[in-house]
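Reader: I would like to go through the charged pairs and the surface of this protein. Please show me the model first.

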Amino acid sequence: MAEHQIDDPKIAFAYLRPSCVLLTKEPTAANVKTVSGHLRSVSYGALQQLQDYVLFPLRFVLKTPGSKREGLVQAVMETMTYVLENTCVQSWQSLQDLFSELCLCLCSPKDPGKPGVTSEELKLAVLKCLDTLLHSAYGDIVFKLYDPSMLPGLGAAVSLLLALTEQEKARGVQTAALKCLLSLFLQCDCSQEHIEPGQEERYLLGCALATFLPGISRALSLVISGDVRQGHVVTVKAMRVWYRAVGLVMADEQLQITEAKDTAAVEMGRVEKLIVKRTPSWCKDTSKRLSMVLQNIISCTSAHPHWKVRLELVNMSHLLLSQCSQSVGECIGPLLEALVGAINDDEPNVKNRCNTVLNEVAQKSQATGGQDFTDILSENLHSLASSLPRLMRTTDDQRKLFLLNVFLGYLKILGPKVDSVLTSAVHLERISKALMQVLELDVTDVKIIEERTLIPLTNLGPDMHQMQPQKKYFLFFTDDKIFSALCKICRTLGYYGNLYLLVDCFMELYKESSVYKKQAALALNEVIVGAAGIGLETDNSRMDYIGVSQSTPSRTSKEDLRSSIVSIIEEYISLGNWHLPTVSEAVDNETQANLESTASLLPHPERNSLQILPTSKTPTLHQLNGNIWQICIQLEGIGGFALALGTDFRLLLMTSLYPVLEKAGDESLLVSQSAYSAICDLCKACDYSSPKELVIQNSDYLLNDVSLNLARPSIHPHATRVLAVMFTHSDASLLPLVADVVQDVLTALDLSYEQRTPQFCTVLHSLMKALVRWFPANIGHQMPPNKETQRKDCLSLRQFLLDYKKQKELAEGIGIEEEDPDGLDIPPSASTSEEDMDGPDVKEELPLHIQIAKDVMERCIHLLSDSNLRTRLKVLDILELCVCVLCARENELLPMVHRCWPALLHRLTNDDPLAVPRAFKVLCVLGESCGDFLRKRVSKEVLPRITSSLIKQSEISARSGAVYTHTLAYKLQLAVLQGLGPLGVKLDLAEADLDRIFDACLPYLSCRQPIKLQEACLSVFRHLMKLDADACWFTLNELFCPVVYEPPHPLLLPVTLSGSDKPRNEFTDNVLKLLQQFNSPLESI
């Protein structure tokens, strides 16, 4: 804008006249820009007086026949926009003419009913100019646009703008067209000042828009339900245009005026056919049609990813419910549903706005004396519960989440009155059955049964409460947010509803059929947690919508909560619901017979609870997966119940802790992890710092139950699991308490080892692992002689020869007569004299853990020959642990090793390829603990077979490919080579045995062998260097000698090694690696 503007209209006219005349004669873009530049030098007051004169040449350019360049038209639009922005249109004729001319600029020349094919910039310029024109209308002249006589022109403009919104791809054009519609409907929300229509003007506008309402609804519903990529701004604008137009047409106050007003008949010709009379019948039909459009809009926007769209949905519901509640009766339900669904929105702005709107709607409903808000909500809740299963099967996840949020919103709005709603049997049945169908799990995944517990969780420390719950998969949805919404629904029911009523309802469904068990258990778990007030989103700041204060909501008493939890836990841990098969191998003939015999002893209700057990001896995959998930859900429930009761749950530990520990030892990974998660919840609820403290503090009655149940294996076959878990999560203070139970286990093993050996082996393995952890011992205390000792032995060679000569002479009788005869008398030993003084020798009492290890090892000796491979593998592991415990007591260990040697030798030399590596590992541990004792046995009975096997297998492994590393033969080779070196050192093998090992290992130095076998062979040589470095050096040089040894003196014969004449071969690289570890020849000499 120029610094000095022209204020005098006459001077301004003289200043503008030449450029305006030139533009009239030569309509070019340059001339338009000249006019535009001159206009900026004129003040707004002078421009107002010259408005018609300035607009004339610009309008003349638009009216000139023939095609025009887009640049010229765009320049004209920009100049007109400047003029209209800074002046007011005071003449109706000018407004009408300009409005028509601008609309024509948007039309196609060939088809005026459709938008023209022009550039995006031109369309934006025309739309901005049209919007500015509507804003610049002065006084009430703008209301003449809505006279019945103007309906054709107004309809053409509305259709044109709707077509631009619907068909245009550019977001800017769509937004500008929607803004023009808002301005045309006098609903613009920009920052400029607007003319506020009175009641008569609003009535006139409503009558006019009623004619176009079908077209507006159709076009804008398509825009709103369009692609998300069009942007949230377009969607928000389209929603705003639609509901504000509906609010004008269907406003309750206007319809009341229509009924009271008797419009005089005026002859209007064909225009009269366009006028819509808003009669009651018309309103009813329109309400039905609007309901369909509204439902489509809500379905597209309720779960929109952008929060501003969801906020606009709340605003739309607010306006229609506050202004049109009587005229759009068919829409009340969907509008309330939209509001209720937004009450759980993640965006605080949407949530807070929704709370405010619902509060206003409830207050208005009560003030007007309409239908009770509670009745409306309860009816909507019943209707939604009835249709929820169908909708969950047929809609997408976004729609499902919205429906569940609506369901949850109804419950939150009802608040404490949920209790009265649930007293209706119809409502309770609909809600419970809907939850049962929606929560149905998908149990077809084969991974559920495939995953096994391999390593127990032994180190659950202070961060144990961070264990994540198992991810569940459902039939009708995949989004985790949907499951979270379902959990909130159940918790809200438990928080506001009658706990006894809900527990009885879901417990009946739990007992009714195996189909509902898992869903009912899920619902029960969440209901109890919600009744305790855990995991709820309480909006204390929100006023209650139905007239009841929610600042202090009623809560279930601790006693009621405890009694409900006790009844649920009793049902969960009953035999028919707890001892379910989770692995196909577990249901063999004997187990099935036990279950049948147990069922025959139970009363009829308990027998009915066994219906989930398969009638066939081999359950299907579906049944096993279902059993696994049922147990997991029940375990999660027990953990949740503990958190709900807090420290009061300590009174229930006597009945619930044992079953949970039993499942912690289950073979199924999902079950064991759920059990450990439940244990963590128990610790948190009952103020235990760790599972170890939980087990130790409650070990008295746990061990009592274990002892009793060991005697009843047909009813309680898994008592050993509890004992194994106790060993895992405890310390040495448990050992005195558990000693008697261990003896019971060993006795039971002796009596029924044919049937229950795997179970007993599991608990014995856990026991021995615990003993190793509680009483650590140093294995392999016999260290090989170091270099200093060897050097000292070399220096005392002269003394050794002198001693040898003396001993030889004494053996031949030379010099014996020179010895003092008295010196040959053997004095009585001190121990003998002490024995005579102290009485008979009494064997020292062994420590408890040593005695237990001996007893367990005694059983291992017999079980090493078991026909079951899995049992033999487990027994070998136990035997290894027993040796680790007994290594500190050599007098106890060696006799036991002597006894178990024949069976172990059989495992080493004549057993399954899976068992041999495990047995060789045990042999290595034995070698570390009692090397001298085993030297002769290993040398005579083990080494020949092992070395011969290595030699035979070396030819195969050298020729094999990469697949060979996955075979059992390879794993056996690797295990033997990795353990052979340390074993030889610990046993201090003789030269002949070393030669045998060298011969067996030399082929594995070949570069053709698998890499790991080469590395293991190198480790064998490195270990055996400690025993006999010379033999090792000589063996390697016989294979390949990299150095020629010249004699230092001509009288000495040359040293010729067989490897010196050999060229570089497949062994060269590994031989050189080993020879580098020896001292240089000069240093050795």
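Author: A salt bridge here is a side-chain nitrogen of Lys or Arg within 4 Å of a carboxyl oxygen of Asp or Glu. Keep in mind that this is a predicted model.

Reader: How many salt bridges does a search of the whole structure find?

Author: Side chains of opposite charge can pair when their charged atoms come close. The search covers the whole structure, and the number of salt bridges is 29.

Reader: Which residue forms a salt bridge with Lys-63?

Author: Lys-63 lies in helix α4 (residues 51-63), and its partner lies in helix α6 (residues 92-106). The two are 38 residues apart, so the pair links distant parts of the chain. The N to O distance is 3.3 Å, and the partner is Glu-101.

Reader: Is Glu-101 buried or exposed?

Author: The cut-off for buried is under 20% relative accessible area. Lys-63 has 53% and is exposed. Glu-101 has 10%, so Glu-101 counts as buried.

Reader: Which residues are linked with Lys-63 and Glu-101 in a network of salt bridges?

Author: Lys-63 and Glu-101 meet in a salt bridge. The network also holds one Arg and one Asp: Arg-59 and Asp-97.

Reader: How far apart are the closest N and O atoms of Asp-227 and Arg-229?

Author: Asp-227 is partly exposed, at 41% relative accessible area. Arg-229 is exposed, at 66%. The two form a salt bridge, with the closest N and O atoms apart by 2.6 Å.

Reader: Where is Lys-472, the salt-bridge partner of Glu-636?

Author: The side chains of Glu-636 and Lys-472 meet at 2.9 Å, N to O. Glu-636 sits in helix α29 (residues 621-645), 164 residues apart from Lys-472. Lys-472 is in the loop between α21 (447-450) and α22 (480-496).

Reader: What is the accessible area of the nonpolar patch with Tyr-804?

Author: Tyr-804 is in helix α37 (residues 797-812). Phe-800 and Leu-801 form the surface patch together with Tyr-804. Their accessible area together is about 360 Å².

Reader: Why does Tyr-804 count as exposed?

Author: The cut-off for exposed is over 50% relative accessible area. Tyr-804 counts as exposed because its relative accessibility is 52%.

Note on methods. Residues are numbered from 1 along each chain as its sequence is written. This is a predicted model: local features need pLDDT of at least 70, side-chain atom pairs count only at pLDDT 80 or more; totals for chains, interfaces and linings use all residues. Side-chain values use heavy atoms; hydrogens and water are left out. Patches are made of residues with over 30% relative accessible area and no salt bridge: like charges are joined within 9 Å, nonpolar side chains (Val, Leu, Ile, Met, Phe, Trp, Tyr) within 5 Å. Accessible areas come from the Shrake-Rupley method with a 1.4 Å probe; for residues, only the protein chains shown count as cover. Helices (H or I, at least four residues) and strands (E, at least two) are DSSP runs, numbered from the N terminus. Buried means under 20% relative accessible area, exposed over 50%, partly exposed in between (1.4 Å probe, protein chains only).
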